[in-house]
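Hi,

Here is the model I promised to pass on.

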Amino acid sequence: MPRKSRRLLGETVCHHMVQGINKEEIFKTEDNKEKYIELLKKYYKEFKIDIIAYCIMDNHVHMLLYANDIKQISNFMKNINSIYAMYYNKKTDRVGYVFRNRFKSVPIMDRKQLYTCIKYIHMNPVKAGKVKEESDYRYSSYNDYLTSLPGFTSFNREVTASEPSKFSALRIM
């Protein structure tokens, strides 16, 4: 049975989640987490994606992404997840599916939901008992928020009062 197509049109900010098949810990090692981050960094510009926030846990990933068109996000996710699956299967000498599903998307409709989602993403390792504070976790964008250094996440550069049109998909006044 074919999958349902994504129904969002135009600009969009969405919370995206991917998980290992059977909740397998496909990101358990530091190398695996670093590989996924490497793929995010390598392909976000090519697919014209803004990465607002991310967190890579042992068996899943959360990302808050912005694009002018949902197709850009679909193509970005397909690309990085396909490359990661080939990497993971080769590294672990296995075959077959690596991810549970394609990916899950939840549209962000307003500024409050945006900030709630960012906090939720960054609190994941704390709630899972991996670290005591968000800043202690190396595999999220939390520390990008604490520095003015340009990173590949776009929150500090883009979601500002000076550029409200950047995320007009949120219908923010």
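A question to start with: is lysine 130 buried, partly exposed or exposed? Lysine 130 is partly exposed, with a relative accessible area of 42%. On the scale used here, buried means under 20% relative accessible area, exposed means over 50%, and partly exposed is what lies in between (1.4 Å probe, protein chains only).

Before the rest, some housekeeping. This is a predicted model, so local features need pLDDT of at least 70 and side-chain atom pairs count only at pLDDT 80 or more, while totals for chains, interfaces and linings use all residues. Residues are numbered from 1 along each chain as its sequence is written, and side-chain values use heavy atoms, with hydrogens and water left out.

Now the overall picture. The chain has four helices and four strands, where helices (H or I, at least four residues) and strands (E, at least two) are DSSP runs numbered from the N terminus. Along the sequence they follow the pattern β-α-β-β-α-β-α-α. Of the 173 residues in the chain, 45% are buried. The accessible surface comes to about 10,100 Å², and carbon and sulfur atoms hold 52% of that; the areas come from the Shrake-Rupley method with a 1.4 Å probe, and for residues only the protein chains shown count as cover. Taking contacts (heavy atoms within 4.5 Å) with a separation of 6 or more, 73% are between residues 24 or more positions apart.

The strands make an open sheet in the order β2-β3-β1-β4, with antiparallel pairing. Two strands count as paired if DSSP finds at least two bridges between them. At the edges are β2 (50-56) and β4 (104-107), each pairing on one side only. Neighbouring strands are turned by 15° against each other on average, direction ignored; axes are lines fitted to C-alpha atoms, for helices over the stretch in contact, and angles run from 0 to 180 degrees between N-to-C directions. Strand β1 (residues 12-19) is joined to β4 by four bridges, and the two run antiparallel. In that pairing, cysteine 14 stands opposite proline 107 in β4.

Helix α1 (residues 30-43) packs on the sheet and touches β1, β2 and β3 (60-67), with its direction at about 175° to that of β2. The end C-alpha atoms of α1 are 20 Å apart, which agrees with the 20 Å that its 14 residues should span at 1.5 Å a residue; the expected span is 1.5 Å times one less than the number of residues. Buried residues in α1 include Tyr36, Ile37, Leu39 and Leu40, and what covers the buried residues of this helix includes β1, β2, β3 and α2.

Helix α2 (residues 70-91) holds asparagine 81, which counts as buried because its relative accessibility is 6%. Leaving aside neighbours within four places in sequence, asparagine 81 is in contact with Val18, Tyr36, Phe99 and Arg102.

On to the charged pairs. Seven salt bridges turn up, taking one to be a side-chain nitrogen of Lys or Arg within 4 Å of a carboxyl oxygen of Asp or Glu. My pick would be the pairs at aspartate 58. Lysine 33 meets aspartate 58 at 2.7 Å, N to O. Lysine 33 is in helix α1 and aspartate 58 in the loop between β2 and β3, so this pair ties together parts 25 residues apart in sequence. Both partners are buried: lysine 33 has 5% relative accessibility, and aspartate 58 has 9%. Lysine 130 also meets aspartate 58 in a salt bridge, at 2.5 Å, N to O. Here lysine 130 lies in the loop between α3 (111-127) and α4 (155-158), so the pair with aspartate 58 ties together parts 72 residues apart in sequence.

Elsewhere, glutamate 25 and lysine 28 form a salt bridge, with the closest N and O atoms 3.1 Å apart; glutamate 25 is partly exposed at 37% relative accessibility. There is also a network of salt bridges linking Glu30, Glu34 and Arg138.

Last, some backbone angles to look at. Most residues other than glycine have a negative phi. Lysine 23, in the loop between β1 and α1, has a positive phi near 60°. Lysine 48, in the loop between α1 and β2, has a positive phi near 55°, and lysine 48 is exposed, with a relative accessible area of 61%.

Cheers
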